[in-house]
Amino acid sequence: MAAQAFLLIASFLLVLFILARPLGSLLAKMIAGQSLPGVRGMENLLWRGLGIDTREMNWRHYLLAILWLNIFGLVLLFAMLMLQGMLPLNPQNLPGLSWHLALNTAVSFVSNTNWQSYSGESTLSYFSQMAGLTVQNFLSAATGIAVVFALIRAFSRRSMETLGNAWVDITRITLWLLLPVSLLIALFFIQQGALQNVSAYQAYTSLEGVQHLMPMGPVASQEAIKMLGTNGGGFFNANSSHPFENPTALTNFVQMLAIFLIPAALCFAFGDAVGDRRQGHMLLWAMSIIFVVCAGIVMWAELQGNPHFLTLGGDSAINMEGKESRFGILASSLYAVVTTAASCGAVNAMHDSFTALGGMIPMWLMQIGEVVFGGVGSGLYGMLLFVLLAVFIAGLMIGRTPEFLGKKIDVREMKMTALAILVTPALVLIGTALAMMTDVGRSGMFNPGIHGFSEVLYAVSSAANNNGSAFAGLSANTPFWNCLLAFCMFFGRFGVIVPVMAIAGSLVAKKIQPTSSGTLPTHGALFIGLLIGTVLLVGALTFIPALALGPVAEYLKF
């Protein structure tokens, strides 16, 4: 099993980097503001037709454009979900959602979280899935990538005030990156057996002679951007464990690749954009080391399973509970790490059924900010925040003003960095405490013991860090839970974007200092170790007490 686990992880990373390298070069051209070959004339017609002013923006205007687009999308999606029963493409005549569920769902998909307090096949019409959720899957992914584009320009430019044009960036990202790649992935999923239609649900008789309805729908098109944009919201309640969403072992492998593809490519693009590919490789090394260790721990924990099975007469202790037999232990464990290292939240196994240690690792990967590859855009700008923090710590150690890529890191940048890093931990810990100390919060718990606390901690961690996966065991479709999680999702997304854009605005105006003998190299093994240590230290200091009350206590007890 150890050899199989090594081969699975190694082959996954090898294929990922082979695909991500050329895509990174393409993204670097987009960051530089270059039109892709053959589309310049089309873009000019598009800008004129839409009335888009293509002049570059400072960080405030760029941020306002991002916020305006997302708030407008939130209001539109909220109204669409509330009025679902009056809208077309609703062959099952599903009614509109309650106000709190519509609010939660709208915030969830606009913030790239895709937390779902509902069962998709019995709650949402085809129109809501396609015109509502899928559209926001594209726009929320484009938002994250646009923000990291602006931050990368801040490092590569000198003594400027502008960071690009938000409307141009979002349009190019959507049209020339997300749409074509999603189309290819969707066609592959259809070929493998995923559904793609707008037919009414089909009646069938089971082997037991019971009449059922088989859900239909435009699954493959939503599945593709769900993975590529690290969104994670499934068309069906079972998400990627459903055979209509994830039919084969091959689609399972491709889904994992799609989740990490753009985050890995952005690291390559970062190195190209700043003129030093070693910087992108440094980020990839740090992310990959943490990823491999976490994947190995989860695989080991699930293979060890529950020793009580043997004392009760079982043939094996391995933990197959909640996992699809067509994927098995290793692929399910790897998928769990991939989807929580990124801000995807898609699942092909029930995380609530993992062992205490196996379930703690995905929870912790979310809590450190999903910077191990992470979400599209958000993973890289999250890791760059830790880079700035690591540079600051190193500067204190050697008594020099910290700098990264020739840009001096001053008090303003460190204040914004600290704010951005602490937003989501504050939301997680305060939100979990609020849920545990109120009757309306505790009333949603099916498991009141240690594991019940883990389920609550996982849910709030998932929402605040814009992941969307769940431990389950929690009745979350109530006004309290829908509003609490909506609040965490919204501020977990935009509470980080605002200080990141402020950092970009400050850095882009600075001169690039020449390298000297006293400059700290930020591409070698020493700095990679410092960066990993910074990520681990922040995660440990913030969440060890909470984890000790949940999965750690459960592991020690059972």
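Helices α1 and α6 are roughly perpendicular to each other, a term that covers angles of 65 to 115 degrees, with angles under 35 counted as roughly parallel, over 145 as roughly antiparallel and the rest as oblique. The helices, like strands, are DSSP runs numbered from the N terminus (H or I and at least four residues for helices, E and at least two for strands). The model is predicted, so to speak of local features a pLDDT of at least 70 is needed, side-chain atom pairs count only at pLDDT 80 or more, and totals for chains, interfaces and linings use all residues. Residues are numbered from 1 along each chain as its sequence is written, and side-chain values use heavy atoms, with hydrogens and water left out.

The axes of α1 (residues 2-31) and α6 (residues 126-156) cross at roughly 75 degrees and come within 10 Å; axes here are lines fitted to C-alpha atoms, for helices over the stretch in contact, and angles run from 0 to 180 degrees between N-to-C directions. Leu27, Met30 and Ile31 of α1 meet Phe149, Ile152 and Arg153 of α6, where contact means heavy atoms within 4.5 Å. By class, this contact holds 5 nonpolar residues, no polar ones and 1 charged. In this scheme Ala, Val, Leu, Ile, Met, Phe, Trp, Tyr, Cys and Pro are nonpolar, Asp, Glu, Lys and Arg are charged, and the others, Gly among them, are polar.

Val456, Ala459, Val460, Ala463 and Ala464 in α17 meet Trp481, Leu485, Cys488, Met489 and Gly492 in α18, a contact with 9 nonpolar, 1 polar and no charged residues.

Two glutamates are also worth a look. Glutamate 223, in helix α8 (residues 219-228), is buried at 1% relative accessibility; buried means under 20% relative accessible area, exposed over 50% and partly exposed in between (1.4 Å probe, protein chains only). Beyond its neighbours within four places in sequence, glutamate 223 contacts Phe189, Ser240, Glu245 and Gln255. Glutamate 554, in helix α19 (residues 525-557), is buried too, with a relative accessible area of 16%. Residues up to four places away in sequence aside, glutamate 554 touches Ala356, Ile450, His451 and Ser454. Glutamate 554 and histidine 451 are 103 residues apart in sequence, yet 6.9 Å apart in space, C-alpha to C-alpha.
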